[in-house]
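Me: I have a model open and a few quick questions. Can you walk me through some spots?

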Amino acid sequence: MKGAYTNPRFFLAMTVMLAMAAALVQAQGTRVGFYARTCPRAESIIRSAVQSHFRSNPNIAPSLLRMHFHDCFVQGCDASILIDGPNTEKTAPPNRLLRGYEVIDDAKTQLEAACPGVVSCADILTLAARDSVFLTRGINWAVPTGRRDGRVSLASDTTILPGFRESIDSQKQKFAAFGLNTQDLVALVGGHTIGTSACQLFSYRLYNFTNGGPDPTISPAFVPQLQALCPQNGDGSRRIDLDTGSANRFDTSFFANLRNGRGILESDQKLWTDPSTRTFVQRFLGEKGSRPLNFNVEFARSMVKMSNIGVKTGTNGEIRRICSAIN
């Protein structure tokens with residue numbers, strides 16, 4: 001990443017991305033600098049809170065990024081994932097392993113002290129996701145703000161979330177329903193360059209997957225290493241890096257691992273085995289013969305698109321004083 005910031009093409013890409021962001025959000029009612037007058041320290045307060053928790057627990061970064069993704073795909077980016085209660089989104093199976101709610105609560109407490117009733121929980125989560133990428137040495141980008149918080153949170157709505165066994169065709173359909181294309185899919189799943197997965201979500205690939213053996217898309221040399229980490233009938237809650245060798249840095253190593261048969265989740269590895277998505281993996285890796293894409297820049301572009309799914313603005317929503325409770 002170091003050289004990217006001095007590359008003229010990088011700045012051109014950033015200019016294009018910001019122009020696209022403006023076009024995407026104009027009709028939504030969000031904009032960069034929404035709190036410039038009403039709460040000028042909003043973004044710095046949020047980043048400070050994320051940094052504070054990140055210093056004591058770096059795993060907070062991928063957790064917040066996942067939380068934002070899971071929030072946007074269900075009822076839109078409205079912080080409905082933060083609401084407590086029986087049968088709310090956070091109680092659903094896809095969300096039970098999410099962590100980092102205390103970071104959002106910490107930021108909200110500080111914001112309510114500085115600017116009561118001004119900054120939405122939805123914007124806090126969106127900005128925290130951006131800051132998480134930046135803190136893991138990824139790109140920093142301008143985030144349009146002005147979202148309001150939703151009032152509905154149902155566990156039953158989480159079936160729209162892509163699953164760890166999902167086919168590429170099914171993943172593409174789910175992304176397309178929100179205006180996200182195949183490149184967006186590959187870029188956003190590339191967020192798995194940071195973070196971990198529980199053994200229970202992929203260990204089935206290591207034992208009796210086909211004809212009594214492991215998933216043939218896993219590199220044979222990698223199978224014993226995974227089996228040692230996740231033994232059969234072992235602790236299913238044990239956490240394993242999603243990007244072997246680079247789990248704490250936001251980079252393209254995740255895509256290189258897919259190319260080498262070292263993807264952890266079945267749905268991730270399919271990005272390489274399916275020709276329609278492999279093309280973008282190759283482009284993010286800058287492989288010879290492909291048209292290279294800057295992963296960080298394209299990830300930021302896709303995040304801006306995703307972060308405006310189902311956005312609530314104006315009187316369509318509320319500003320929660322406590323993120324886990326409806327006013």
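Me: Where does Lys288 lie?
Reply: Lys288 is in the loop between helix H11 (275-285) and helix H12 (295-306). Keep in mind that this is a predicted model.

Me: Is Lys288 buried or exposed?
Reply: Exposed. Its relative accessibility is 88%, and the cut-off for exposed is over 50%.

Me: How far apart are Lys288 and Glu112 in space?
Reply: They are 52 Å apart, C-alpha to C-alpha. In sequence, 176 residues separate Lys288 and Glu112.

Me: New topic, aromatics. How many aromatic pairs does the structure hold?
Reply: There are 15 aromatic pairs. One of them is Phe255 with Phe284, and that pair is stacked. The ring centres are 5.3 Å apart, with 25° between the planes.

Me: Why does 25° count as stacked?
Reply: Because the planes are under 30 degrees apart, the pair counts as stacked.

Me: Which helices do Phe255 and Phe284 sit in?
Reply: Phe255 is in helix H9 (residues 253-259) and Phe284 is in helix H11. They are 29 residues apart, and the pair links distant parts of the chain.

Me: Are Phe255 and Phe284 buried or exposed?
Reply: Phe255 and Phe284 are both buried.

Me: What about Phe255 and Phe295?
Reply: Phe255 and Phe295 pair edge-to-face. Their centres are 5.1 Å apart and the planes are at 90°. Phe295 lies in helix H12 and Phe255 in H9, so this pair ties together parts that are 40 residues apart in sequence. Phe295 is buried, as is Phe255.

Me: Which residues do ring pairs link into a cluster?
Reply: The cluster holds Trp141, Phe250, Phe254, Phe255, Phe284, Phe295 and Phe299.

Me: Now helix packing. How do H2 and H5 cross?
Reply: The axes of H2 (residues 42-56) and H5 (residues 121-135) come within 9 Å and cross at roughly 55°. That angle makes H2 oblique to H5. The crossing is right-handed.

Me: Which residues make the contact?
Reply: From H2, the contact uses Glu43, Ile46, Arg47, Val50, Gln51 and Phe54. From H5, it uses Ile124, Leu127, Ala128, Arg130, Asp131, Ser132, Phe134 and Leu135.

Me: And by class, what does the contact of H2 with H5 have?
Reply: Eight nonpolar residues, two polar and four charged.

Conventions: Residues numbered from 1 in each chain as written. Predicted model: local features only at pLDDT ≥ 70, side-chain atom pairs only at ≥ 80, totals over all residues. Heavy atoms only, no water. Axes fitted to C-alpha atoms, helices over the stretch in contact; angles between N-to-C directions. Helix = DSSP H or I, 4+ residues; strand = E, 2+ residues; numbered from the N terminus. Parallel < 35°, antiparallel > 145°, perpendicular 65-115°, else oblique. Left-handed = near helix turned anticlockwise from the far one by under 90°. Contact = heavy atoms within 4.5 Å. Nonpolar A, V, L, I, M, F, W, Y, C, P; charged D, E, K, R; others polar. Buried < 20%, exposed > 50% of the residue type's maximum accessible area, 1.4 Å probe, protein only. Phe/Tyr/Trp six-rings, centres within 6.5 Å; stacked < 30°, edge-to-face > 60°.
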